[in-house]
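Subject: Structure handover

Hi,

Here is the structure I promised to pass on. Please open it alongside this email; my notes follow below.

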Amino acid sequence: MVETIKPQSFSKIELRFKLADIKKPSSQIIVYCTSGDSKRSELIGATERIDNKSEPFFNTTINIDYYLESVQKLYLLAINHNLKTLDFTKIDQIDVVGEFTTTIGDLMCRDGKRLIGDIKYKDKITGKIEITAEEIYETGHNIILQLRGKKLDKKDLFSSDPYFKIYKSSPSGNSIVYESQVIKNNINPIFEPIVIRLQELNGGCMFRELTFEFWDHNDIVDDELIGSFRTCTDEILKGIIKEFPIINQKLKSKKSNYEHSGIINFTDSRILNKPTLHDFINGDGNGNHCCSIDLMVAIDCTESNGDQKLETSLHYNVAPHQNQYIRSLLTLDSQLTQLGIKLDKKVQVFGFGGIIYSIPHHNFRFYSVIDDRPNTQKPGINGAIELYNKAIPKIKFNSPTNLRLIIGDATRSALDGFDSTHLKYSILLILIDNDITDYKETVDEIVESSKAPLSIIFIGVGDHCTFKNIPQLDGENNGDIRLVDSLSRKQIRDNVHFISFKDFSINPIDFQNEILRKLPNQLTEFMEYKNYLPNGLSYTQTEIKIKKK
């Protein structure tokens, strides 16, 4: 199943929320969006929870893509709870404060992009909601910041447990951007470096006012403000101001000799360009933090290939003839070399659709066909070709063309050993001569694989087959699409590429350029989805603390 995604022309907007006249003690807003004619609401995000306020202004903003040609309905659910962690699958069991529905288009057309309306529950007005939208300008850059404190005020008996928050200004009030971890018992803290997308920090405006607030954490009573200072991204990056005094306005108004509540230095502040494939595979240039590339190959062993002993077979590979399976592998090898990618490991070679030891298999290893051990295989694509030539004459071709097991195995292999300190990315090359039989099950596996460091490249071999369902798996072939599985879960990213060999038979150079054309974007999109950056860095994740009263 495929679902057409919204049209291409869009802008990113940031939503802020405020409630008024509510009677519930602890409120939070959940945001859903429905696009076009779809009846399925997609969870976009949630604000923080605010306790004991009848007019809460939420610091947490919600970012959403606004597609100009599409009707996007916003469904806002205000709830009341005192849970430490909210389970979004059990929202229907939470006490409802009220509901509100509008469209993004209506909001963007309002004066100041600001909308005020009544929230209702069971047709009764239970309060008011104010929504403000702001367009965010993507810069494609990231910023790294590291802060060091000096002589912060002692809010506890002998020390403080400091942490800080960053807010960006807006016409409707400040919104929180980041909240650091707490450093225990230290009035001279050195905070961990943070990496933030520039548009999230300042909306693309280098002169937008930023507020840095410093707090002392307490386990039982409320956290206590140490102080704050204001600046902007431009001022931080220029580095002209070396020290930023932390000011506590309450103490300043009480003490005539008050100077400050501590000093903050930015020990690191620089712009990071959007990383490329080569940034990931090269690491720091000294062999550290390199993202390795692994390759898996799946070979079609169904009977539509024809008897491999006959010249008409797609698997016929007697010199000087070289079949399309081998030519595809050699072309991939050449393109990997051009990209500077070296395959140091053995290439896993799967087969599907064959009969092995009198049993039909939809997922088998080629080394098992020749009763060989995998550790005898040579590394790289040459080792895979050698294994193919040994095994293919021993396989009895069968049917159908099922890929569910192959893709599921590849996904698990891609995830094995992957983490932020050991980056790797896998390519599954599927060489296939006909459409997929278990299409729905294959879609389920592809949707799951989109959350893994895996790209799936289909190469359709043979000069006579017209592929119908496999091209539907490639997002580029139907506009901008995403696959949707049997549980209505949407593909996270387009990690599929389909190429028909016969379309490039006249020009092998175009085939070589096409085979890995989508890989750079697929790899960087996945790393961004996981919030990973080259050189062992990662986008800083912040969990806004919610204290129970």
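How many salt bridges does the structure hold? The count is 29. Bear in mind that this is a predicted model.

**Salt bridges**

Start with aspartate 65 and lysine 12. Their closest N and O atoms are 2.7 Å apart. Aspartate 65 is partly exposed, at 23% relative accessibility. Lysine 12 is also partly exposed, at 28%.

Aspartate 234 and lysine 238 make a local pair. The closest N and O atoms of this salt bridge are 3.3 Å apart. Both residues belong to helix α3 (residues 233–238). They are four residues apart, so about one helical turn separates them. Lysine 238 has a relative accessible area of 56%, which makes it exposed.

Next, arginine 517 and glutamate 514. Their salt bridge has its closest N and O atoms 3.0 Å apart. Arginine 517 is partly exposed at 38% relative accessibility. Glutamate 514 is buried at 16%, since buried means under 20%.

There is also a network. Salt bridges link Glu14, Arg16, Glu134, Lys168 and Arg208.

**Helix packing**

Look at helix α6 (residues 324–338) and helix α8 (residues 380–391). Their axes come within 10 Å and cross at roughly 170°. The crossing angle therefore makes α6 roughly antiparallel to α8. Which residues of α6 and α8 make the contact? From α6 come Tyr325, Ile326, Leu329, Leu330, Leu332, Asp333 and Leu336. From α8 come Ile381, Ile385, Tyr388 and Asn389. By type, the residues of this contact are nine nonpolar, one polar and one charged.

**Nonpolar cores**

The largest nonpolar core has 51 residues. Ile299 and Phe366 touch the most other members. Helix α8 supplies the largest share of this core, six residues. What does isoleucine 299 contact, leaving aside neighbours within four places in sequence? The list is His315, Tyr325, Val349, Phe350, Gly351, Phe352, Phe366, Tyr388, Ile392 and Leu431. Tyr325 and Tyr388 also take part in the contact of α6 with α8. Another core lies apart from the largest one. That core has 27 residues, including Ile406, Ile436, Leu483 and Val496.

**Lysine 128**

One last residue to look up. Lysine 128 is placed in strand β10 (residues 124–136). Its relative accessible area is 36%, so lysine 128 is partly exposed. Not counting residues up to four places away in sequence, lysine 128 touches Lys18, Leu19, Ala20, Asp21, Gly117, Asp118 and Ile119.

Best wishes

How values were computed:
Residues are numbered from 1 along each chain as its sequence is written. This is a predicted model: local features need pLDDT of at least 70, side-chain atom pairs count only at pLDDT 80 or more; totals for chains, interfaces and linings use all residues. Side-chain values use heavy atoms; hydrogens and water are left out. Axes are lines fitted to C-alpha atoms, for helices over the stretch in contact, and angles run from 0 to 180 degrees between N-to-C directions. Helices (H or I, at least four residues) and strands (E, at least two) are DSSP runs, numbered from the N terminus. Angles under 35 degrees count as roughly parallel, over 145 as roughly antiparallel, 65 to 115 as roughly perpendicular and the rest as oblique. Contact means heavy atoms within 4.5 Å. Ala, Val, Leu, Ile, Met, Phe, Trp, Tyr, Cys and Pro count as nonpolar, Asp, Glu, Lys and Arg as charged, and the others, Gly among them, as polar. A salt bridge is a side-chain nitrogen of Lys or Arg within 4 Å of a carboxyl oxygen of Asp or Glu. Buried means under 20% relative accessible area, exposed over 50%, partly exposed in between (1.4 Å probe, protein chains only). A nonpolar core is a set of buried Ala, Val, Leu, Ile, Met, Phe, Trp, Tyr and Cys residues joined through side-chain atoms within 4.5 Å.
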